[in-house]
Amino acid sequence: MNTELESVNAELAILREREFAMREILRVISASRTDPEPVFETILKNAARLSGAPLANLCILNDTRSHWTLVAHHGEGLRHLSVGKSTRLSDSNLVPAAAMRTASIVHVENLVDSDLYQQGDTGRVAMVEEEGMRTILGVPFLLKGEAIGCITLFRREVKPFTQDEIELVETFAARRMPVYCFAPLMTGIFT
């Protein structure tokens with residue numbers, strides 16, 4: 001009976017944390033009418049904290065959908081990408097590109113076992129060898145069924161994200177982001 005009660009209490013604590021995170025995101029959205037940066041930072045901070053990922057990125061597709069740019073980062077240092085400066089082709093096989101191109105979740109449980117790493121892809125090798133990343137999750141932001149951006153979470157250990165953690169990040173990505181958050185970033189600023 002005691003372990004059952006402890007389990008229920010632990011679940012309630014997780015639900016309260018998630019509810020708090022969602023309220024915080026909605027509060028920041030309503031307070032940040034012209035500046036998307038606080039919205040992005042709040043989403044990444046909460047997604048990383050609640051999923052146990054030390055690193056989180058947010059990438060946005062440009063208006064022609066040919067490239068994506070890292071627009072926000074949360075967590076420990078990032079050496080191989082720079083916010084606002086790192087632009088990649090959207091037809092690459094990197095996780096954010098694949099998640100945005102397919103408008104679906106991409107989960108790589110062990111980057112060392114991935115084809116890109118095995119083939120010596122410079123981006124994937126940098127993630128593994130410079131950043132020490134091992135597990136990655138990409139969840140697209142969708143607008144009318146098309147991806148416009150992607151939340152990417154990283155772990156420095158081989159530890160797959162649970163279905164519950166994936167659904168949590170999906171919930172953050174599914175929040176109706178005000179168009180103003182993405183519009184300035186999709187009008188060619190980073191193209």
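Read along the sequence, the predicted protein chain follows the pattern α-α-β-β-β-α-β-α-α-β-β-α-α. This amounts to seven helices and six strands, where helices (H or I, at least four residues) and strands (E, at least two) are DSSP runs numbered from the N terminus. Residues are numbered from 1 along each chain as its sequence is written. This is a predicted model in which local features need pLDDT of at least 70, side-chain atom pairs count only at pLDDT 80 or more, and totals for chains, interfaces and linings use all residues, while side-chain values use heavy atoms, with hydrogens and water left out.

**Burial and surface**

Of the 191 residues in the protein chain, 46% are buried; buried means under 20% relative accessible area, exposed over 50%, and partly exposed in between (1.4 Å probe, protein chains only). The accessible surface of the protein chain comes to about 9800 Å², and 52% of this belongs to carbon and sulfur atoms. These areas come from the Shrake-Rupley method with a 1.4 Å probe, and for residues only the protein chains shown count as cover. Contact means heavy atoms within 4.5 Å. Among contacts between residues at least 6 apart in sequence, 58% join residues at least 24 apart.

**Nonpolar cores**

A nonpolar core is a set of buried Ala, Val, Leu, Ile, Met, Phe, Trp, Tyr and Cys residues joined through side-chain atoms within 4.5 Å. The largest such core has 25 residues, of which L58, L137, F141, I151, L153, V169 and F172 touch the most other members.

A second, separate core of 23 residues includes V108, L111, L116 and I136.

**α3 and A103**

Helix α3 is mostly covered, with six of its eight residues buried: V95, P96, A97, A98, A99 and M100. After α3 comes A103, whose phi is positive, near 55°. A103 lies in the loop between α3 (95–102) and β4 (106–108).

Is A103 buried, partly exposed or exposed? A103 is partly exposed, because its relative accessible area is 27%. Leaving aside neighbours within four places in sequence, A103 is in contact with P140, L142, G145 and A147. The C-alpha atoms of A103 and C150 are separated by 9.2 Å, the two residues being 47 residues apart along the chain.
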